[in-house]
Amino acid sequence: MVTMEDYKDGETEWCPGCGNFNILEAVKHSLVDLGKKPHEVLMVSGIGQSGKLPHYLKCNTFNSLHGRTLPPATGAKVANPELTVIAVGGDGDSYGEGGNHFIHAIRRNPDITLIAHDNQIYGLTKGQASPTSELGMKTKVQTHGVLHTPFNPLAVAISLDCPFVARGFAGDVDHLSSLLSQAISYKGFSLVDVLQPCVTFNKLNTYKWYHDRVYKMEDDGHDPANRMAAFEKALEWGDRIPTGVFYKRDSEPFESKLDVLKSGPLIAKQYDSTKLDSVFENFS
């Protein structure tokens with residue numbers, strides 16, 4: 001039987017009160033609820049405060065470059081489809097530096113989950129505006145306020161027909177854990193954007209600010225199978241901010257389309273290294 005203690009690993013370096021603590025807790029609860037053993041899980045991260053999350057879990061981990069979380073996560077899943085692969089990144093890592101990878105991972109549809117810690121600020125590099133920062137929001141760099149229109153990851157994902165799109169709130173661990181369990185269990189690419197207060201650098205989108213606005217779409221009878229309704233919900237931001245599963249459809253994961261995997265995972269295959277010599281000779 002899997003327990004929370006199985007995933008416990010070391011002290012954290014986040015600021016007291018950081019939303020990352022609750023995301024970490026939700027991830028642990030989700031993996032335990034799903035009965036996933038640590039050796040069955042691979043956590044892949046990029047650079048940022050969010051990228052430290054795998055360091056605090058006792059499981060397989062891989063730290064990639066800034067914005068390059070999804071390529072190695074996809075490669076790992078292709079090499080070993082039996083692994084539960086979870087990618088984590090911040091709003092900068094996932095939607096800024098990693099924006100192109102985000103778009104094409106949706107197109108490719110590997111069976112992995114992306115947990116995006118969306119605190120609307122660059123926390124590791126001390127408070128610059130991120131792709132999701134509010135228009136007009138002032139930072140130590142954007143002293144006159146953010147001039148760029150915020151990136152809407154949910155609307156982009158749904159417009160690209162991403163097969164599983166959800167949003168959670170770090171201030172509601174139980175609901176977030178449920179969303180993560182659904183995403184991790186889903187066969188195909190799943191996005192969980194997490195509204196995560198940064199208590200040090202983002203003084204606008206605080207816990208109270210979110211608590212006054214977030215609501216659960218399932219309480220309003222939202223149908224995740226309705227793509228147009230999901231897109232409309234993705235555009236809703238202001239006095240009310242929806243959380244829950246926005247969109248969900250059946251999909252065929254990328255790795256299930258690869259003929260080379262039909263005879264078993266790549267990690268179980270025996271390779272004749274001499275065949276590589278002829279390949280290299282063609283490029284010499």
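Modeller: We can start with the overall fold and then go to a few strands and residues.

Biologist: Fine, but what kind of model is it, and how are residues numbered?
Modeller: It is a predicted model, in which local features need pLDDT of at least 70 and side-chain atom pairs count only at pLDDT 80 or more, while totals for chains, interfaces and linings use all residues. Residues are numbered from 1 along each chain as its sequence is written, and side-chain values use heavy atoms, with hydrogens and water left out.

Biologist: How many helices and strands does the protein have?
Modeller: There are 9 helices and 8 strands, where helices (H or I, at least four residues) and strands (E, at least two) are DSSP runs numbered from the N terminus.

Biologist: And what is the radius of gyration?
Modeller: The protein has 19 Å, which agrees with the value near 19 Å that a compact globule of 284 residues would have; the radius is taken over C-alpha atoms, and the globule rule is 2.2 Å times the number of residues to the power 0.38. Along the principal axes, the C-alpha atoms fill a box of roughly 60 × 40 × 40 Å.

Biologist: What percentage of the residues is buried?
Modeller: Buried residues make up 49% of the 284, with buried meaning under 20% relative accessible area, exposed over 50%, and partly exposed in between (1.4 Å probe, protein chains only).

Biologist: Let's go to the strands. Is E3 enclosed or open?
Modeller: Strand E3, residues 84-90, has 7 of its 7 residues buried, so it is largely enclosed by the rest of the structure. Both of its faces are covered, with Thr84, Ile86, Val88 and Gly90 on one side and Val85, Ala87 and Gly89 on the other.

Biologist: Which strands pair with E3?
Modeller: Strand E1 (residues 41-45) pairs with E3 in the parallel sense over 5 bridges, and Val41 has Thr84 as its bridge partner. Strand E4 (residues 113-118) also pairs with E3 in the parallel sense over 5 bridges, with Val88 opposite Ile115 and Gly89 partnered by Ala116. Two strands count as paired if DSSP finds at least two bridges between them.

Biologist: What about E4, covered or uncovered?
Modeller: E4 is mostly covered, since 6 of its 6 residues are buried. Thr113, Ile115 and His117 point one way, while Leu114, Ala116 and Asp118 point the other way. E4 pairs with strand E6 (residues 190-195) in the parallel sense over 6 bridges, and there Thr113 has Ser190 as its bridge partner.

Biologist: Switching topic, where does Ser50 sit, and what is it in contact with?
Modeller: Ser50 is in the loop between E1 and strand E2 (60-63), and it is buried, with a relative accessible area of 7%. Leaving aside neighbours within four places in sequence, Ser50 is in contact (heavy atoms within 4.5 Å) with Asn20, Val88, Gly89, Gly90 and His117. Of these, Val88, Gly89 and Gly90 belong to E3, and His117 belongs to E4.

Biologist: And Ala225, buried or exposed?
Modeller: Ala225 is exposed, with a relative accessible area of 55%, and it is found in the loop between strand E7 (214-216) and helix H8 (227-234). Leaving aside neighbours within four places in sequence, Ala225 is in contact with Tyr247 and Lys248.

Biologist: How far apart are the C-alpha atoms of Ala225 and Ser190?
Modeller: They are separated by 15 Å, and the two residues are 35 apart along the chain.
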